[in-house]
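Welcome! Please take a moment to look over the sequence and the model, and then let us walk through some of the details together.

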Amino acid sequence: MNYPTEKLGNHIQVLSGFAFKSKDFSDTGIPVIKIKNITPPSVSLIDLSYVPEEIADQNRKFILSYDDVLIALTGSHINQMASVVGRVAKVKYSEKTVLNQRVGKITVNDSDDCDLDFVYYYLSQDKVKIELASKAGGAANQANISPTDIKNLMFPFPNIDVQRKIASVLRTYDDLIENNQKQIKLLEEAAQRLYKEWFIDLRFPGHESTPIVDGVPEGWREQPLYQIADVVMGQSPKSEYYNQVGEGLPFHQGVGSYGNRFVSDETYSTSFTRIAEAGSILFSVRAPVGRLNLTKNKVVIGRGLAAINHRRGAQSYLFYLLKEKFFRDDIIGNGSIFASISKEELLNQKFLIPLDSLVGQFNGIAGGIDKKIDILSEQIRLLTEARNRLLPKLMSGELEV
């Protein structure tokens, strides 16, 4: 069946975020949700800016709540769907945050007539983002939409019971995805805590009987990265080799989907300038330096990345070693103090390296944790694909609920 359609603006409002002044921002305080934090399906709390609490409280209508629906009013054109204008995400945290300009918050006029989750899932469709992007103004590399563009969309409008049933079916998938993401976060934190316990706090197996020589356990040594790992620096192919149709190999210019363990392949290149092999650690070499992703398959890497692999295959150990050194929650941008890092500087970064037996023991434990993360990540991919196939069929009425 086909549902009747109505103008979205008859049922929703779009609140544009507050235009904070540059002098309002500080190193600590209340996080400000910017365009870069709209990372579907949820709002990211990584790579944050802040304003003092008194500034946030002066603009209380822009303070966000759990399950708020946000939309990016500025973004890319449709050739870069991961950052496309019009992408939507939900607030899935309880921390106090405040909405920045060029991000909109969607509310419904009457929840007994129009379901907010139904609106969220409608806007989540690729075809809707493409429709919004086609209306966008702005420069060639930046697209802008207005609240009016959103409100002028015609959307399916079944009765409220059907809206809620459709939203409930889709929310089941998202709840499973969110649960898997939480498990991944807990597993990564467990592996990182184990690394810190063994190699920073020096409470490794057998530490009680290990002599300390010059402040470090006997047999441990300070080594530069080049002695334990191979590094391939990226080099961007010419733009005419880029495509979005899957020709060639996936291309990555920088660490994308930050906060996600694995990169998501969207852009491809037929020019294989510099290659990262499957399982490589992708390391950002431009500000903020030290962001980390992993790739499950062979990819082309651009100038913003280096691919790093442990020479003896202790890749899990290397991942947590790099994360411990470069990732800092208390540094603005969640990266290192470097604005950029050359290959020579990277290769000569020094680390305190334990005995090979300890590296192997840790790598075995962390590798087991990482395999669990791999399984959960694959489940997320399959659930996402299933939800995305189901979404347009439910919205169109092709599948009845």
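**A guided walk through the model**

Strands, like helices, are DSSP runs numbered from the N terminus; a strand (E) has at least two residues and a helix (H or I) at least four. This is a predicted model, in which local features need pLDDT of at least 70 and side-chain atom pairs count only at pLDDT 80 or more, while totals for chains, interfaces and linings use all residues. Residues are numbered from 1 along each chain as its sequence is written, and side-chain values use heavy atoms, with hydrogens and water left out.

Now for the backbone around this loop. Most residues other than glycine have a negative phi, and most peptide bonds are trans. The bond from proline 40 to proline 41, however, is cis, with omega near 10°. Aspartate 47, in the loop between β5 and β6 (49-51), has a positive phi, near 65°. Aspartate 47 is buried at 14% relative accessible area, because buried means under 20%, with exposed over 50% and partly exposed in between (1.4 Å probe, protein chains only). Arginine 102 also has a positive phi, near 70°, and belongs to the loop between β10 (98-99) and β11 (103-108). With 30% relative accessibility, arginine 102 counts as partly exposed.

Proline 40 comes up again as a neighbour of valine 88. Valine 88 lies in strand β9 (residues 88-90) and is buried, at 4% relative accessibility. What does valine 88 touch? Leaving aside residues up to four places away in sequence, its contacts (heavy atoms within 4.5 Å) are Ile38, Pro40, Leu70, Ile71, Tyr120, Leu123 and Ser124.

Two packed helices are described by the angle between their axes and the distance between the axes. Here the axes of α2 (residues 116-124) and α5 come within 8 Å and cross at roughly 65°; axes are lines fitted to C-alpha atoms, for helices over the stretch in contact, and angles run from 0 to 180 degrees between N-to-C directions. From α2, the contact uses Asp117, Phe118, Tyr120 and Tyr121. From α5, it uses Gln163, Ile166, Ala167, Leu170, Arg171 and Asp174.

Rings of Phe, Tyr and Trp (its six-membered ring) pair if their centres lie within 6.5 Å; planes under 30 degrees apart count as stacked, over 60 as edge-to-face and the rest as tilted. By this rule there are 20 aromatic pairs. One of them joins tyrosine 195 and phenylalanine 362: their centres are 5.7 Å apart and their planes at 80°, so the pair is edge-to-face. Tyrosine 195 lies in α5 (residues 160-199) and phenylalanine 362 in α8 (residues 356-396), so the pair ties together parts 167 residues apart in sequence. Tyrosine 195 is buried at 5% relative accessible area, and phenylalanine 362 is buried at 0%.

Phenylalanine 199 and tryptophan 220 make a tilted pair, 6.0 Å centre to centre with 55° between the planes. Tyr195, Trp198, Phe199, Phe204, Trp220, Tyr317, Phe319, Tyr320 and Phe362 form one aromatic cluster.
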